[in-house]
Amino acid sequence: MRKVELLAPAGDLARAKTAIRYGADAVYIGGQLFSLRSRASNFTMDDIREICAFAKDYGCAIHVTVNMIPHDEDFEGLREYLIKLQEYGVKAIICASTAIMKIARECAPKLEIHCSTQMSVTNSLAAKFMREEFGVDRVVLARECTMEQVKEITANCDIETEAFIHGGMCVNYSGRCTLSNRMTLRDANRGGCAQSCRWQYHLYDEDKEISDDLLFTSGSKDLFAADMIYDLIEAGVSSFKIEGRMKTEYYIASVISAYRHLIDEILETGKPLSAERMAYHKKEILRGENRETCIGFYQGVPGSESIIYHPNSDASVNHDFLATVKSYDDTKKTAVIETRNPFDVNEAFEVLSPGRENRSFTVNSIRNEDGEYIEKSRKPMALLEIPVPFELRAEDILRRAR
Amino acid sequence: MNGKLSITCENPVLFTEYRQAGADEVILALKDSCFSPLKAYDKEEMVKLIEEAHQCGLDVSVLMNRLFHENDAAKACENMKRLIDAGADGIIFADTALAYTAKREGFMNRMIFQPETMMTSSFDAKVWHDLGTQAVMISSLLTKEEVIHIASCIDNGGVNVHGYQMMSVSGRPLLSAYSDHRGLYPLKNKGNLFLVEEKRDGKMPVYENDYCTMVFSDYIQESFDEMKAFMKAGVKRFVIDSWMLKETCIKDTLRIYRAYLDADQTEDMVRAYRETYGELPLSSGYYEQKTVR
């Protein structure tokens, strides 16, 4: 089977490096200008230059989102920005404005142009138009496409396709929702989305409320398309995109690593995996997920099963991410770790390490920064020392074993 | 002509009255082709309606603003060609598949690009102007100054001056899903449904058809105070969305915009209109309030 691109999100330099270490073929990031997700940390120009150099060492590509729907004042500095992206070695920009595409073609012709999902491309004729008029190299398909439609679009146009496989989903067509604008005056198409679709609404039939037991809401469950990976590869889709530039380092590491293993196993065997192997990979992917999931549109237009109707949907926040490794002393067989979530002595840990199978051990003792032995770790970002029976590497991730 | 006054129409019997009230054009929705709650007509009905409207002295633009899927994009393009052949004066679209076909067939000058939320800069408007479109509809999310600026940069700008504005469109049957979840009666293709946010008061019309669920603004856009400036800036297309408005209100609305376009006296008409329809949630929308990032 042909190789496909695993495309990871990253909200800052640390998370981008994590995504690359854990097996992403490409990482998409946002600069501090021209990008959606204004609440993601986003990259300075120095960060972009650094991550391009870092990615090059791993044979990884960097894509930059230039995907806001711009107002006139947003074009200021755009040309200089695009020229710098090209100079730093960015492979592609992801755009939702035809004007930005035209400017990019003029001033930074080496940059690939990827048509953002904000443009909601749902058929091959639309993709051909974007190719012919704006020189688009790839279209990110709208999340509203079914598997059959993805197959047909990919077969019917001579342009690369990219499909989402995991992460948050707009319940509305991307780029065509201004609920946030109306509710909060924050422009959803310029990074200010307040996720007003997830709020609660009274629903009236004329003057009679029909939502008295349960208010109307329309927040979508996250996409989880592990079951579709084989079909998407078979369909000829070039890039498999994971959403989540605002997600944590732990999410990035665990989800990217798990999809890396899943994709590689399919590519190696050249056939669909057994139910047992799929169950294993799906369990691994969901270790990093703390939200409810659905299959999106891949198996048809989703109904009530895809919507989160109950409030406080994040109640089951995942506390599995315990620490990152700062250093390992091979002589003493101890590691210095930086904590995240609480844990106790005698808890079982699992190590996520790039390119290695997961390993487990039990924590027999914990020493704090003053050298005192403690029974419980409760403080986030504390530096602790623990014994570990095998070698760890800096930036390895420790999570609760299950 | 100072600009074309166009209005959505759900009842062809009213063609003559709309013409008399000042409309230059009616917008008719094509079945299976719209993100719109308007009553829609199939292709052959549309062919007849185009002829009828022309006989009344009205142009016809066909609303085809859906995003088409791979299995129905080609059919949509065929329908569009048939309607162009039948004399449709414009095709209102959002899906670039239609532009692809129009360019190949040589009728880009009939195409009216209306990507709703997406046309927010003069740079993007210029791109679509230069592609040879008949009109580029400027987003209703902009301030008055932004609309004026964009319109002054092209010679084919359009503005949705009046009516409820679409705020979101989902490919999912959100009302049916909610109804299923709650065990309620069917809510698809049902009018007079409204959403009211838990901590706010505005009533937002919501409608689900076979292809989408749409939420509309809790206000009716009104642009009387902005008309002179828009005309001076060179706006060429003024659109009234009549959905949910009563017939007398629609005709009164048409008369006022017509008066502006004809440079007639409007002060008394506007005052009377606001008194008569004071219960409606008329608003200047985003003209005086700029969204932030």
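I began with strand pairing, for which I take two strands to pair if DSSP finds at least two bridges between them. Helices (H or I, at least four residues) and strands (E, at least two) are DSSP runs, numbered from the N terminus.

I noted that this is a predicted model, in which local features need pLDDT of at least 70 and side-chain atom pairs count only at pLDDT 80 or more, while totals for chains, interfaces and linings use all residues. Residues are numbered from 1 along each chain as its sequence is written, and chains are lettered from A and ligands numbered from 1 in the order in which they are written.

**Strands across the chains.** I looked up β8(A) and found five bridges joining it to strand β9 (residues 193–197) of chain B, the two running antiparallel. For Asp205(A), I found Leu193(B) as the bridge partner in β9(B).

**The contact.** I found 63 residues from chain A and 54 residues from chain B in the contact, where two residues are in contact if their C-beta atoms, placed from the backbone, lie within 7 Å. On the side of chain A that touches chain B, α5(A) gives the most, with seven residues.

**Positive phi.** I looked up Ser120(A), which is not glycine and has a positive phi near 50°, and found it in the loop between β5 (112–115) and α5 of chain A. Ser120(A) is buried (20 or more other C-beta atoms within 10 Å of its own), with 27 such atoms within 10 Å.

I then turned to Asp32(B), also not a glycine, whose phi is positive at about 65°, and which sits in the loop between β2 (25–30) and β3 (40–41) of chain B. Asp32(B) has 18 C-beta neighbours inside 10 Å and counts as partly exposed, the class between buried and exposed (12 or fewer).
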